Amino acid sequence: MIYTITTNPSIDYTMEADLIPGQVNRARSEAIYPGGKGINVSVSLQRLGEETRVLGFAAGHIGRTIRALLDDLRCPHALLELSGGGESRINVKFMGTPETAVNGIGPQLEKADLDNLMALLRDVNQEDAVVLCGWTRSVSFYVEILRQLAGTGCMTVLDCTGETLWQCLECRPFLVKPNLVELGALYGVEDLEYDEAVELAHQLQRDGARNVLVSMGGAGAFLLTEEQELYLANACIGQVRNTVGAGDSLIAGFLHGLKRTGDYGKALQMGIAAGGATAFSDWLGSKEQTMELLGQVQIEKASV
Ligand SMILES: Nc1ncnc2c1ncn2[C@@H]1O[C@H](COP(=O)(O)OP(=O)(O)OP(=O)(O)O)[C@@H](O)[C@H]1O
Ligand SMILES: [Mg+2]
């Protein structure tokens with residue numbers, strides 16, 4: 001089972017509209033999706049046929065709608081009701097030129113909520129993976145989860161940034177997935193070139209990460225493994241529609257590939273195809289699109 005954690009999920013209300021400030025604008029079309037990076041990973045995994053469950057919190061009317069949307073997508077979830085009540089957030093995205101988004105804040109978590117979530121992770125074992133991704137209000141929360149998971153032998157995957165990531169590195173996560181900007185920001189470097197990124201991936205390993213998967217958007221991704229192997233992959237070519245969530249699908253495809261084959265190169269190939277399928281879709285890519293794109297992805301094993 002691959003568990004994902006989404007502490008602050010949302011409803012993403014997406015409208016095609018070119019905004020003119022100070023006017024009543026009319027959308028050309030609209031769509032509604034459940035939002036949150038953990039949710040993206042789980043929905044992508046479910047579409048690939050992998051056993052997964054979304055864990056986290058949801059509150060009030062919006063929370064109930066998020067659960068219903070996940071049900072419609074046949075994506076298993078256990079989103080706990082928050083002890084302090086409130087409402088989960090709504091994010092509004094305007095797909096136009098330029099793209100504009102306003103994200104809600106969401107309710108406050110309390111200590112009891114964190115304890116309740118920890119209880120859901122009690123039976124995790126070495127067959128499982130736990131994916132922690134996205135921003136969290138409580139910096140120490142991910143560290144507490146990783147500490148609880150230490151000793152279970154499960155695979156831990158981290159896609160978070162800044163202080164949260166720094167604190168989590170002490171727990172030696174199995175996989176960390178920054179994009180180029182996030183990796184650079186961690187070490188105070190702007191406009192990372194590929195060679196510098198490989199250097200910083202090594203540094204991230206020295207700082208605690210076991211495997212480092214660096215995504216480079218339309219330039220593909222590379223993986224630096226614990227065994228000091230470096231795999232480089234090109235991105236797929238296609239009509240880009242929406243790159244938000246491509247990194248989450250990359251994680252899903254990678255874990256799916258790794259579980260199925262145990263081979264890092266094949267896992268990276270599946271990840272890149274899943275990321276591409278999302279980049280070429282309005283929302284998250286389908287299994288069919290992912291399988292179609294797989295043949296486009298060349299894996300090069302480079303020397304380190
Ligand atoms: N423009 C693109 N063309 C083709 N593939 C893309 C494109 N953008 C992203 N991808 C695929 O998706 C993967 C992840 O993308 P990216 O590096 O943008 O992740 P990210 O910044 O973490 O995204 P997010 O956090 O929004 O999910 C890339 O490695 C690539 O395989
Ligand atoms: Mg990302």
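**View 1. Strand E1 pairs with strand E8 in an open sheet.** Strand E1 (residues 2-6) and strand E8 (residues 129-133) run parallel, joined by four bridges. Helices (H or I, at least four residues) and strands (E, at least two) are DSSP runs, numbered from the N terminus. Two strands pair if DSSP finds at least two bridges between them. Threonine 4 faces valine 131 of E8. The model is predicted: local features need pLDDT of at least 70, side-chain atom pairs count only at pLDDT 80 or more, and totals for chains, interfaces and linings use all residues. Residues are numbered from 1 along each chain as its sequence is written, while chains are lettered from A and ligands numbered from 1 in the order in which they are written.

**View 2. The sheet of 10 strands.** The order is E5-E4-E1-E8-E9-E10-E11-E12-E13-E14, with mixed pairing. Strand E5 (77-81) and strand E14 (299-302) are the edges; each has a single partner strand, so one side of each lacks a neighbour in the sheet. Helix H3 (residues 111-120) packs on this sheet and touches strand E4 (52-58) and E5. The directions of H3 and E5 make about 155°. Axes are lines fitted to C-alpha atoms, for helices over the stretch in contact, and angles run from 0 to 180 degrees between N-to-C directions. Residues are in contact if their C-beta atoms, placed from the backbone, lie within 7 Å.

**View 3. The sheet of four strands.** This open sheet has the order E3-E2-E6-E7, and its pairing is mixed. Strand E3 (29-35) and strand E7 (100-102) stand at the edges, each with a single partner strand, so one side of each has no neighbour in the sheet. Ignoring direction, neighbouring strands are turned by 15° against each other on average. Strand E2 (residues 10-16) runs antiparallel to E3, with seven bridges between them. Glutamate 16 has serine 29 of E3 as its bridge partner.

**View 4. Helix H1 packs against helix H8.** Two packed helices are described by the angle between their axes and the distance between the axes. For H1 (residues 37-47) and H8, the angle is about 45° and the axes are 8 Å apart. The two are therefore oblique to each other. Angles under 35 degrees count as roughly parallel, over 145 as roughly antiparallel, 65 to 115 as roughly perpendicular and the rest as oblique. Lys37, Asn40, Val41, Ser44 and Leu45 of H1 meet Asp248, Ser249, Ile251, Ala252, Leu255 and His256 of H8. These contact residues divide into five nonpolar, four polar and two charged. Ala, Val, Leu, Ile, Met, Phe, Trp, Tyr, Cys and Pro count as nonpolar, Asp, Glu, Lys and Arg as charged, and the others, Gly among them, as polar.

View 5. Most residues other than glycine have a negative phi, and most peptide bonds are trans. A cis peptide bond joins threonine 97 and proline 98, with omega about -10°. Arginine 74 is not a glycine, yet has a positive phi of about 55°.

Conventions
Two residues are in contact if their C-beta atoms, placed from the backbone, lie within 7 Å.
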